[in-house]
2 protein chains.
Amino acid sequence: MYYGGIEAGGTKFVCAVGNEQVNIIEKVSIPTTTPTETLNQVFHFFEKYALKSIGIGSFGPIDLNEKSPTFGYLTTTPRKGWENFNLLGAFKERYTMPISLTTDVNAAAYGEYIRGYKGSIDSCLYLTVGTGIGGGFIKHGDIVQGYGHPEMGHILIQKHPKDHYPVCCAFHPNCLEGMASGSSMEERYNKKAYEFDRDSEVWELEAHYLAQAIVNYTLIVRPDKIILGGGVMKQEQLFPLIREEFKVLMGDFVETPFLEEYIVGPKLGDNAGIVGCLTLASELV
Amino acid sequence: MYYGGIEAGGTKFVCAVGNEQVNIIEKVSIPTTTPTETLNQVFHFFEKYALKSIGIGSFGPIDLNEKSPTFGYLTTTPRKGWENFNLLGAFKERYTMPISLTTDVNAAAYGEYIRGYKGSIDSCLYLTVGTGIGGGFIKHGDIVQGYGHPEMGHILIQKHPKDHYPVCCAFHPNCLEGMASGSSMEERYNKKAYEFDRDSEVWELEAHYLAQAIVNYTLIVRPDKIILGGGVMKQEQLFPLIREEFKVLMGDFVETPFLEEYIVGPKLGDNAGIVGCLTLASELV
């Protein structure tokens, strides 16, 4: 019995096949070009397996409202060629098996919750800090979303008084993504995130913005874990800086778990998203 | 069959008795003085009824972790004389019937969800804007809380560049409560909220801060309704101002319900909290 998982990103589509135990037996990465080109490669990869079901975790925004006429469509995504593309429809046209669809970050949060923490926590919030910033929140095993999926990377925060760089979001004056995502950093500082020294001042600013967001997530949903993944978080020096700044900004106002166990990296590493997709697929059959 | 409800606030304890249909048959308001004095009046009020159960919605912060040694205690509340008071313990000592305990705003959110909207929505976020600011979030009939209850009145937001008044929170540099609660308004402007004209500029600032918070709540949990209650929200001119500002700040980024139906006052008016307490009591038996 095999399950298919697809972590559909704006840069690449990670596809994997999982066995009955939801362990990955094959995984590929396909560049995101045009919908036709990319999906043909995805379909080709899965051809040799008799899959039982597929779980898709997609970049967004994507319409997840089953009652909506555009259910399964990517909507206002900045990724050229994919605006208003019927992603779920393309899979439904190709396959008759059950398919589940959620966001890439919901899938990663779910993967961490179910397969990473295996029932040892009651809730977790997963935030990816990469090209963009997005998050998913799992509570009692449920993906929390309502009138659409969360877009918690775009929350409004306070710009640091010493920060004279622009905010790079087409939608919002002072949002987290516009100041702290990998692509914003590059646009703001004219240099890629990974090119900065470990002790560069940009990491302090970065930690300050992420800490502000984490204070807000904490006060709103009180999760058991805040899991930070994505390319920018490969800069491991960020973790202690974020925890320190979180402490300052929260001002001992509410209790949280011990910070070293509260603000953490993903247990599943880069596989959080794809394992989440496979887990969601396995629950369909 | 009677149920008891107690909306325990820093200014007053509203106590009510509900019948089998959870309709209020008697309600009183008892000033919050010392724990002994206030609770004696509460106990006296309920004496003439054979209650089946009690639901308490309390001001906070309050320890709601059943595994904690201080479960049911008010913790760091600024209300003098009530710090570290074992509120639930005082009731358990007096009564043997089942007692449920949550926050006042969780109770109000629950009252609106169950008795106000009667199953017609999937989620709602209730925010009270009064002496302080606090919120509760209900999803699929569950009160969402984890490592403690939400304290969403204290989220960090951006101070308006034209706002040169102080931020009045002992814990946080730029939090919503410190700029927009009734007591902060009084401290900032040296005048009580209700003394300002309907068209005073303070309402624009107030709407701006509440809209920032509502953008963040929306992006994090995507509720079906944002319900605004509490004393400051008696200023009905705030609703259109908040909706307008929300539209500007959100920048059409994610879809929400029609704003006139999304950002609304409580269906149950001032009874949201106490009805929520009675509803929670009724579910214990």
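1. A:Leu284 counts as partly exposed because its relative accessibility is 34%, where partly exposed covers the range between buried (under 20% relative accessible area) and exposed (over 50%), with a 1.4 Å probe and protein chains only. A:Leu284 lies in the segment after helix H9 (272–282) of chain A, helices being DSSP runs of H or I with at least four residues and strands runs of E with at least two, numbered from the N terminus.

2. A word on the basis of these values: this is a predicted model, in which local features need pLDDT of at least 70 and side-chain atom pairs count only at pLDDT 80 or more, while totals for chains, interfaces and linings use all residues. Residues are numbered from 1 along each chain as its sequence is written, chains are lettered from A and ligands numbered from 1 in the order in which they are written, and side-chain values use heavy atoms, leaving out hydrogens and water.

3. Helix H9 of chain A is largely enclosed by the rest of the structure, because 11 of its 11 residues are buried; among them are A:Ala272, A:Cys277 and A:Ser282.

4. The domain assignment of chain A, whose bounds come from an automatic or database assignment, gives domain 1 (2–106 + 270–282) and domain 2 (120–264). The centres of these two domains, taken over C-alpha atoms, are separated by 25 Å. The contact between them (heavy atoms within 4.5 Å) takes 12 residues from domain 1 and 14 residues from domain 2.

5. Over all chains the count comes to 12 salt bridges, each being a side-chain nitrogen of Lys or Arg within 4 Å of a carboxyl oxygen of Asp or Glu. One of them joins A:Glu26 to A:Lys48, with the closest N and O atoms 3.3 Å apart. A:Glu26 lies in strand S3 (residues 24–31) and A:Lys48 in the loop between H1 and S4, so the pair ties together parts that are 22 residues apart in sequence.

6. A second salt bridge brings together the side chains of A:Lys139 and A:Asp122 at 2.8 Å, N to O. At 8% relative accessibility A:Lys139 counts as buried, whereas A:Asp122, at 25%, counts as partly exposed.

7. In chain B, Ser123 is found in strand S6 (residues 123–129), and B:Ser123 counts as buried because its relative accessibility is 0%. The side chain of B:Ser123 reaches the backbone nitrogen of B:Asp224 at 3.0 Å. Leaving aside neighbours within four places in sequence, the residues in contact with B:Ser123 include B:Tyr113, B:Phe137 and B:Arg222.

Terms used. A polar contact is a pair of N or O atoms within 3.5 Å; within protein, one must be able to donate a hydrogen and the other to accept it, and residues adjacent in sequence count only if both atoms are side-chain atoms.
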